Amino acid sequence: MKSDELFETACGLMPGGVNSPVRACRRVGATPRFIASARGSHITDVDGIEYVDYVCSWGPAILGHAHPAVVEAVREAARDGLTFGAPTPREVEMAALLRELVPSLETSRMVCSGTEAVMSAVRAARGFTGRDDIVKFADCYHGHSDGMLVKAGSGALTGAEPDSAGVPADYARHTLVAPYNDIEAVERIFAAHGSDIAAVVVEPVAANAGVILPKPGFLEALREITSRHGALLIFDEVITGFRLALGGAQEYYGVTPDLSTFGKIVGGGMPAAVYGGRADVMRTVAPEGPVYQAGTLAGNPLATAAGLATLRLLKADPDIYARLAAKGERLARGLREVFGARAEVPQVGSLLSVSFRDDPDVTFARWWRLLLSRGIYAAPSRFEAMFISDAHTDDDIDLVIEAAKEFR
Ligand SMILES: *Cc1c(COP(=O)(O)O)cnc(C)c1O
């Protein structure tokens, strides 16, 4: 197998043989497939094996892989030059389209990754409020910046502890961690630290810990508590943005944050991400204000072209979110029928996950390997969502349900 040969070579050249840890497939006791190409809902590895793809590059491929209009937009941009380090017309079009689709993005800035977007939004919140602490939730992932790689400290009201080597405890202690959906814990943290808290950062659907939906009233309560204490509310919409609705989770749930972050879909498969929100807060960002943030490749012409093309296709298709949700429901319903009490299958729109009750790690690993053997490529971790694209057919969906029927 070419994949195995490549992996062996890669392991001597890159940490774990990969450029992002989950790709190593260690959690499911496997080694990675190396990918040669992808089109629509299908992905093909270097050994010529084709799979129905439920990773979708972790979200960006909402229109399916290599959508012709997106690829053409990138080709066209490439012909004019790859990067200038100076403003381009497309960036203005992007900022205007973002504000049209997500009205809370009064002003926004492009960066290159979701990690950078969250890190920058948090810095803007700190600069604006003059406060140092932030609140995050244990089940949420916000990229790998120092202050976000933390776990709850020994006491609920104390600062967090590093969740990665190399993160100074002095950074971690400025992050306070609450359990997702636990509004009383948030109230307690604010009662103890309210005047020091710059912002609450939350995934409006926790999509990096399986898929955990916000309890009714949770996001509304965060909105109310932050406003009451003069802190900002930051929605990390890197996954939910342009996936649950054109206006993201903030439109879907009807709760408006002060700042939000976007990634994945907003780059249309290229490295682009966005943070933005209230104009008064964003005015603290350089060169208008004292919060420094910059990027050599920020607003890169190719990435902006891919993102713009993707967002325009989503906007031009008023039924797309209903179609995506119908597919998500078809898959979730089918899996629930087959698995019954064996597994939970939380789903919202085109995001879902499968969480086995008994021996969840081992059972998931067996499930993942069965899927792979049936020509289905799913995220090699039970904490990652399955992503459905507009290119997935009912047959693609039913293939997973048929596999579930064989799963012992
Ligand atoms: C993927 C993700 C990030 C990090 O984005 P990168 O582009 O991988 O740096 C941040 N927040 C959420 C919610 C994500 O899903």
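First, some ground rules. This is a predicted model, where local features need pLDDT of at least 70, side-chain atom pairs count only at pLDDT 80 or more, and totals for chains, interfaces and linings use all residues. Numbering starts from 1 along each chain as its sequence is written, and side-chain values use heavy atoms, with hydrogens and water left out.

**Stop 1: the whole chain.** Show everything: there are 13 helices and 18 strands (DSSP runs numbered from the N terminus, helices being H or I with at least four residues and strands E with at least two). The C-alpha trace spans about 55 × 55 × 45 Å along its principal axes. Buried residues make up 53% of the 408; buried means under 20% relative accessible area, with a 1.4 Å probe and protein chains only. Now think about contacts (heavy atoms within 4.5 Å): among those between residues at least 6 apart in sequence, 70% join residues at least 24 apart.

**Stop 2: an open sheet.** Select S1, S2, S3 and S17, which line up in that order with mixed pairing (a pair needs at least two DSSP bridges). S1 (35-39) and S17 (376-377) stand at the edges with a single partner strand each, so one side of each has no neighbour in the sheet. Zoom in on S1 and S2 (42-45): they run antiparallel, joined by four bridges. Ser37 sits opposite Thr44 in S2.

**Stop 3: Ser104.** Jump to the loop between H3 (89-101) and S4 (107-111), where you'll find Ser104. Is Ser104 buried or exposed? Buried, with a relative accessible area of 11%. Beyond neighbours within four places in sequence, show its contacts: Gln250, Thr256, Pro257, Ser260, Gly277 and Arg278.

**Stop 4: strand S12.** Gly277 leads you here, as the strand covers residues 273-277, and five of its five residues are buried. Ala273, Tyr275 and Gly277 are on one side and Val274 and Gly276 on the other, and both faces are covered.

Technical notes. Buried means under 20% relative accessible area, exposed over 50%, partly exposed in between (1.4 Å probe, protein chains only).
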